[in-house]
Amino acid sequence: MSVNNQKTQQTTQQAESVSRYRLDSLSRLISLRSFLCDKIFHLAAALSLWVVLLLFLLALRVRMEIIVTISLFWWLLTALVLAYEYLRRRRFYRPLVVNLSQLQQAYLILETLEPPHFYDGKILYETLLRTDKSMAENVQAYALQSEEFREYVEMWVHEVKTPLATLSLLAKDPKVHQQIKRLDDYVEQILYFVRAENAERDYLVKAVDLEQLVGSVASRNHEILLASHIDFSVSGLNQTVYTDAKWLEFILNQILMNSIKYGSTEIHISAQDTPKEIILTIHDNGIGIAEKDLPRVFDKSFTGSNGRKSQQSTGMGLYIAKTLCEKLGHQISVDSKAGQYTDVKITFAKNNYYKNVI
């Protein structure tokens, strides 16, 4: 079992444990025992009045049969009133407790409840209603602000790319050209990061030829591959996958830049066709990744031991690549051995889903 699967199972188990704890603790609050403890003052008052009534009846020398009848009627009426109050509250609070423990978005709890018909329940329901309304207004304002910021960043990136492209054409020194290329990659990384949360709005899934797409990535990095004296090769790329070409090109470019950045002299990209999936592998012979860092390579801003040796590392490339792969329905994994190699695998499932929706 992979480390990512183990982490997912642990997270799921923890969530289920927390959910059970919430359900148990809240269930105790709506138990009959808790209700009676809350009504202890009413029970004490009923007992005191019954004792006064009993003494009064004895003082009047009322027959014992009548006293017993009145006492039974007294406590039966008290029990019926308490039972009615308990059942009325339980009818409202029981769904509240169960739904609250099952909902991932607890703030939606009000949508699952019917308005109660008792006084304190009405107060709670109205409070929740106003709280939800206030939260919805704040969330809407935040979403609008976030959307405006995203649009501004996208516009800024597109504006910056024009002078960068001009500088790239004017640059004669290969080293200057490499630095401009790095700057352009970082600018593009910003663009894809702000789009990652709303990737559904931007991607276009269609049949993509892997050989053509990898060729485009290689052409884009042609000069830096030559300058770094990297032996770049491909094999078995005559495969077609269903994905977004632009997103996948960005993902491959991030992986390729990591291979170049961390001292590779050989990079080999290949594809394996299996009955259920197509696996694209990017192999390099760079410095590799320490075993202790492998479980966290896709974490946001994680640079690991290799990142501490290089000022070029941001820890964002693989995080964004992972996010985009999940949006596209692909799987991405890393296998590496320090000082020997790194393999990044992107798995494309073979199914008819995309064929039916495009």
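## Ground rules

Two strands are taken to pair if DSSP finds at least two bridges between them. Helices (H or I, at least four residues) and strands (E, at least two) are DSSP runs, numbered from the N terminus. What you are looking at is a predicted model, in which local features need pLDDT of at least 70 and side-chain atom pairs count only at pLDDT 80 or more, while totals for chains, interfaces and linings use all residues. Residues are numbered from 1 along each chain as its sequence is written, and side-chain values use heavy atoms, with hydrogens and water left out.

Let's start with the open sheet, where 5 strands follow the order 2-4-5-7-6 with mixed pairing. Strand 2 (231-235) and strand 6 (331-337) are its edge strands, each pairing on one side only. On average, neighbouring strands are turned by 15° against each other, direction ignored; axes here are lines fitted to C-alpha atoms, for helices over the stretch in contact, and angles run from 0 to 180 degrees between N-to-C directions.

Helix 7 (residues 210-220) packs on this sheet and touches strand 2, strand 4 (266-273) and strand 5 (277-284). The direction of helix 7 makes about 170° with that of strand 2. Contact means heavy atoms within 4.5 Å.

## Strand by strand

Strand 4 and strand 5 form a hairpin with 3 residues between them, and they pair in the antiparallel sense over 7 bridges. Within this pair, Ser-270 has Thr-281 of strand 5 as its bridge partner. Strand 5 is mostly covered, with 6 of its 8 residues buried (under 20% relative accessible area; exposed is over 50%, partly exposed in between, with a 1.4 Å probe and protein chains only).

Strand 5 is also joined to strand 7 by 8 bridges, and these two run antiparallel. Strand 7 (residues 341-349) is in turn joined to strand 6 by 7 bridges, again antiparallel. Val-344 of strand 7 is a handy landmark: Ile-282 stands opposite Val-344, and Val-344 is the bridge partner of Val-334.

## A buried leucine

Leu-256 lies in helix 9 (residues 245-261). Leu-256 counts as buried because its relative accessibility is 1%. Leaving aside neighbours within four places in sequence, Leu-256 is in contact with Val-217, Asn-221, Phe-232 and Ile-267. From Leu-256 to Ile-269 the C-alpha to C-alpha distance is 9.7 Å, with 13 residues separating them in sequence.

## Helix 3

Helix 3 (residues 40-59) has 20 residues and reaches 28 Å from its first C-alpha to its last, close to the 28 Å expected at 1.5 Å a residue. That expected span is 1.5 Å times one less than the number of residues. Just after helix 3, Arg-61 takes a positive phi of about 55°.
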